[in-house]
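Please keep the model open while reading.

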Amino acid sequence: MSDSPLLRPYRRGALDLPNRIAMAPMTRGRADDSTGVPNPLTKDYYAQRASAGLIVTEGIYPNVLGKGGPGIPGLVDDAQVAGWREVTDAVHAAGGRIFAQLWHVGRMTHPLILPGGATPLAPSPVRITGSQIFTDQGPVDHVTPRAMTTAEADATVADFAAEARNAIAAGFDGVEVHGANGYLIQQFLAENTNRRTDRYGGSRNGRLQLAVDIVTAVAAEIGAERVGLRISPDNPENEIDEQDPQGTYRALVDTLDPLGLAYLHVIERGKYAALADLRPRWSSTLIANFNGPAPTTQEAGEKVLDTGLADIFSFGRLFIANPDLPARFASGAPLNEHARALVYGGGAEGYTDYPTLQTARV
C-alpha cells in the first residue's frame with residue numbers, strides 16, 4: 001500500500017510536502033472562552049498530527065464578532081499570537097507544516113456568544129429557522145442578524161488582512177481563508193442570504209466582492225504563495241441556497257486564479273460536480289475534500305488523485321482519532337474511530353489521547 005498516490009511527495013510553489021494527505025480544518029472548541037487563547041493542549045494535538053503533508057487549523061476568528069461558539073480561538077491580540085506561536089513551534093519541531101484558517105461565521109453565532117450580547121452581523125437580516133445553535137447555556141434558536149454596513153464590510157476585509165499578518169507573526173506557514181460551509185463569505189456569495197444593493201451585492205459580481213476583496217487583501221499582506229481559499233459550492237449547510245453554483249464559482253475562480261494563490265480547497269457536497277468543473281479553471285494546487293455523513297476513506301481519496309481532480313486530499317474526522325494517519329494508510333493498519341461526544345470542548349480526552357501505532361505497541 002506504500003505506492004498510494006496519497007503518500008507521494010508534493011512540491012509546487014511554496015508547498016513542499018512529504019505526502020498529499022492534508023489535515024482538514026475542524027472545530028474543537030477548546031480555547032479559553034474569555035480570552036480566545038489556545039488551550040495548552042492544542043500544541044500537543046497538532047504536533048501529534050505533524051506527519052500530515054499539511055495541517056490546516058480549526059477556524060480562528062479575525063474579529064470577536066466572528067466568533068462562532070464557546071471555546072473558539074482568535075488571532076487578534078498579542079496573547080493569542082503568543083499562544084499560537086507555541087503551537088506552530090511544536091508542529092515545526094515535529095517536522096510539520098501548518099496553515100491557520102481565518103474564519104468569520106457571520107450570522108452563525110448568537111448574542112450569548114458575542115461580547116456585550118452583540119447582534120450577529122451578516123450580509124442581510126436573514127435568520128436561520130430550521131436549526132438551533134449551541135451556546136454555553138445549551139442549544140438556542142438563532143436570532144435575526146444585523147446587515148453589515150458597507151463600512152463594516154470594508155473593515156472586515158481589513159480584519160482578515162490583519163489576522164493574516166498575526167498568523168505569520170505566530171509562526172504559521174500560511175493561511176486559509178474560510179469561504180465555505182455557510183459562514184460569512186459564503187453568506188455573501190449566496191443569493192438567499194445576500195439581498196444587498198451596495199457594492200457587496202445586487203449582482204453576481206457584487207456577491208463575489210467580499211470574497212475577492214478579502215483574498216486579495218490577505219495575499220497583499222503576506223504574499224499570495226502563502227494563502228489558500230476554501231469553498232463549498234452548492235453546499236446547503238446552514239441554510240445556504242445557491243441558485244447558480246456553477247456560474248458563481250466559475251466567476252470566483254476565474255477572478256482569483258491570476259493571483260497565484262497557494263491552493264484552492266474545494267469541498268464537494270451537492271449536485272454540482274465542483275471538482276471536475278473547476279479543476280481545469282484553476283492553475284495552482286487544488287485540495288479536495290468530501291463532506292459526507294461518514295468519514296472519507298483512503299480509497300476515495302486515492303481515486304480523486306488518480307483521476308487528476310486534485311493534487312492533495314484533505315481528511316477530517318479520520319485525523320481526530322488517528323494522529324498518525326499517513327502511517328496507517330502506508331501500512332494498512334486499522335483505523336481508530338473518533339468519539340463523537342468528545343469532539344467539541346473538554347480536555348485531553350478525545351483530543352490528545354488517541355493512540356498511535358507506536359503507542360499501541362508499547
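**From a loop to the core**

Asparagine 181 is buried, at 7% relative accessible area; buried means under 20%, exposed over 50%, and partly exposed in between, with a 1.4 Å probe and protein chains only. The model is predicted, so local features need pLDDT of at least 70 and side-chain atom pairs count only at pLDDT 80 or more, while totals for chains, interfaces and linings use all residues. Residues are numbered from 1 along each chain as its sequence is written, and side-chain values use heavy atoms, with hydrogens and water left out.

Asparagine 181 sits in the loop between E10 and helix H4 (184-189). Helices (H or I, at least four residues) and strands (E, at least two) are DSSP runs numbered from the N terminus. The phi angle of asparagine 181 is near 60 degrees, a positive value in a residue other than glycine. Glutamate 239 likewise has a positive phi near 60 degrees. Its loop lies between strand E11 (227-231) and helix H6 (245-256), and glutamate 239 is partly exposed, at 29% relative accessibility.

Strand E10 (residues 174-179) pairs with E5 in the parallel sense over 4 bridges; two strands pair if DSSP finds at least two bridges between them. In this pairing, glutamate 176 of E10 stands opposite glutamine 101. E5 also runs parallel to strand E4 (residues 54-60), joined by 4 bridges, and here glutamine 101 has glycine 59 opposite. The chain gets from E4 to E5 through helix H2 (residues 78-93), in a right-handed β-α-β crossover: with the strands pointing away from the viewer, the path from the first strand over the helix to the second runs clockwise.

How many residues of strand E5 (residues 98-102) are buried? The count is 5 of 5. In a regular strand the side chains alternate between the two faces of the sheet. In E5, Ile98, Ala100 and Leu102 are buried on one side, and Phe99 and Gln101 on the other.

Leu102 is also among the residues that valine 177 touches, along with Phe160, Ile214 and Val218, leaving aside residues up to four places away in sequence; contact means heavy atoms within 4.5 Å. Val177 is one of the residues touching the most other members in the largest nonpolar core, which has 77 residues. Such a core is a set of buried Ala, Val, Leu, Ile, Met, Phe, Trp, Tyr and Cys residues joined through side-chain atoms within 4.5 Å. Helix H5 (residues 204-222) gives the most to this core, with 9 residues. Apart from this core lies another, of 11 residues, including Tyr10 and Val56.
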